[in-house]
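Visitor: Please show me the model, and let us then go through the terms used to describe it, one by one.

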Amino acid sequence: MSVDVKIGIENSPRELAFTSTEKGDEVYAAAQRALDGTDAVLSLTDDKGSRVLVPAAKIAYVEVGSAENRRVGFGAA
């Protein structure tokens with residue numbers, strides 16, 4: 001399973017978008033802690049194992065997509 005994550009950063013024209021293997025609820029909870037001021041940095045891991053760190057003070061928004069299993073192949077749906 002994977003979820004698509006989009007993070008808007010203040011004063012940046014582009015958003016940070018990646019796919020995470022973490023559960024959607026875990027990503028949402030981490031973003032909530034960062035935006036509440038509990039954590040100074042939002043730390044997430046993408047599907048390739050890279051870590052993403054965003055200063056909480058610069059986060060404009062966080063969008064967490066729905067969890068989905070990736071389909072592979074050319075079969076009929």
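Guide: A residue is called buried under 20% relative accessible area, exposed over 50% and partly exposed in between, with a 1.4 Å probe and protein chains only. This is a predicted model, in which local features need pLDDT of at least 70 and side-chain atom pairs count only at pLDDT 80 or more, while totals for chains, interfaces and linings use all residues. Residues are numbered from 1 along each chain as its sequence is written, and side-chain values use heavy atoms, with hydrogens and water left out.

Visitor: Why does A56 count as buried?

Guide: The relative accessibility of A56 is 12%, and buried means under 20%, so A56 counts as buried.

Visitor: Which residues does A56 touch?

Guide: With contact meaning heavy atoms within 4.5 Å, A56 touches A34, D39, A40 and V41, residues up to four places away in sequence not being counted.

Visitor: What makes β3 and β4 a pair?

Guide: Two strands pair if DSSP finds at least two bridges between them; five bridges join β3 (residues 41–45) to β4, and the two run antiparallel. The bridge partner of L42 in β4 is V54.

Note on methods: Helix = DSSP H or I, 4+ residues; strand = E, 2+ residues; numbered from the N terminus.
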